[in-house]
Amino acid sequence: MLIYLIMTHACNLNCLHCYAASVNGDRESVRKPEVLPIEAVEAFIEVLKQTDAYREEQGKFAFIFHGGEPLLVGEDRIIQVCEAIKKKVPCHGKFEFQLQTNLTLVKDSTVDLIENYFDGFVGTSFDPGIRQLGGSYLKFKFIWERNVRFLVERGVHITVNVTLAGETGRCIKRFHSIVTYLKSLGINNIHIERFLLQGRGVLHKDRLYVSDDDYFIFMHTLLDWYMDYLIRWYRKGSKKEEALFINPLDQMLYLAKFNKGASCFAGDCMGNTLALDCNGDVYSCPAFVFSGKEFSFGNVFRDSAEDIFFNPKRLQSITEQVFSGCEGCDYSHLCHRGCPRQPLTVANRVICQRFFEKLVNYSEKYGHIIKRLLEDNL
């Protein structure tokens, strides 16, 4: 079960596509950010103890430190939250910690933080032109690249999120150039995600929005390119340290043969993902946190676990997502119309059907390659 801890809404960047609130880049909010209270985390753990993920032997929680920019709250606060969770969940095999940060606030002690609490792994994001620090992409890129090199040299493993916005979501050559750049920095784990039309992204819709038809055209091309890459990687000897992981495409290729979708691309979130906001409100994921209080399922300071998990809004959203899909489509179980915050609205259904048809064919024909790629994660 994925648990997003929204450490703060504040962020020191002002990215053009950000789905979060307008506090991003605001000097006062960056200087004195609202911080997720330890008490909210402790109360949330008590709520989570009522879930199957806690009670079942194989159940596990992945606590993702998110924001905003989580490092704005200070490394000491992040450590305090980690220790509070470890105290509340004494069986350490039941949880892991993940950190998602823009990597502009890295210092020497950050390496120790990542190694001691996040198993040497960290997540970040890179989007050419639209990630900005003080209104400047070049300023952001300089600091980000410097800190990436610093962390990689010290053995930290980095996963980079890339948003399919603007040309990045339309032009495969643009995406290839990003992959090449990231690999030159020693990064071989890439996570792709759709552009959400909310927050600051609304202001830049004309430049950044990619229609769902164009999105599937791009994904079809990317799928062919990635499968061709994996075949060549496998034939060369399939050394794991040389492999390029593009998530969730790799997961989609693996799960398709089991008739399952993967991650946000299949709306596979409503029943196994939760987000805790700074004020104790509970949501289904960070996208809904920044969409409005009306999407909250309850509050850990006010509501019981039963009230939160059996909140009619939560139950309705789970039910709707399970049965969501285009009428008559053979691949609804792999898609469910994607992210429930921004469901897919494809004008030409043939485009997305061809994508999923090819996905299934690749999954069946090259399952041995996909299994080799993901064997350590299965």
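Which residues does Tyr215 touch, not counting residues up to four places away in sequence? In this predicted model, local features need pLDDT of at least 70 and side-chain atom pairs count only at pLDDT 80 or more, while totals for chains, interfaces and linings use all residues. Residues are numbered from 1 along each chain as its sequence is written, and side-chain values use heavy atoms, with hydrogens and water left out.

Tyr215 touches Leu164, Arg194, Val210, Phe265 and Leu344, contact being heavy atoms within 4.5 Å. Tyr215 sits in helix α9 (residues 212–235); helices are DSSP runs (H or I, at least four residues) and strands likewise (E, at least two), numbered from the N terminus. With a relative accessible area of 6%, Tyr215 is buried, a word used for values under 20%, with exposed over 50% and partly exposed in between (1.4 Å probe, protein chains only).

A search of the whole structure turns up four cavities of 30 Å³ or more. A cavity is a set of points, on a 1 Å grid over the protein atoms alone, where a 1.4 Å probe fits but cannot get out, and lining residues have an atom within 4 Å of a point. Points are joined across faces, edges and corners, and a volume is the space filled by probe spheres set on them. The largest cavity holds about 120 Å³; among its 14 lining residues, Cys326, Cys329, Cys335, Arg337 and Cys352 are the closest to its centre. Helix α15 contributes the most to this lining, with three residues.

Tyr215 returns in the second largest cavity, whose lining also includes Leu164, Arg194 and Val210. This cavity holds about 70 Å³ of space.

Methods: On a 1 Å grid over the protein atoms alone, a cavity is a set of points where a 1.4 Å probe fits but cannot get out, and a pocket is an open set with protein on both sides within 12 Å along at least five of seven lines; lining residues have an atom within 4 Å of a point.
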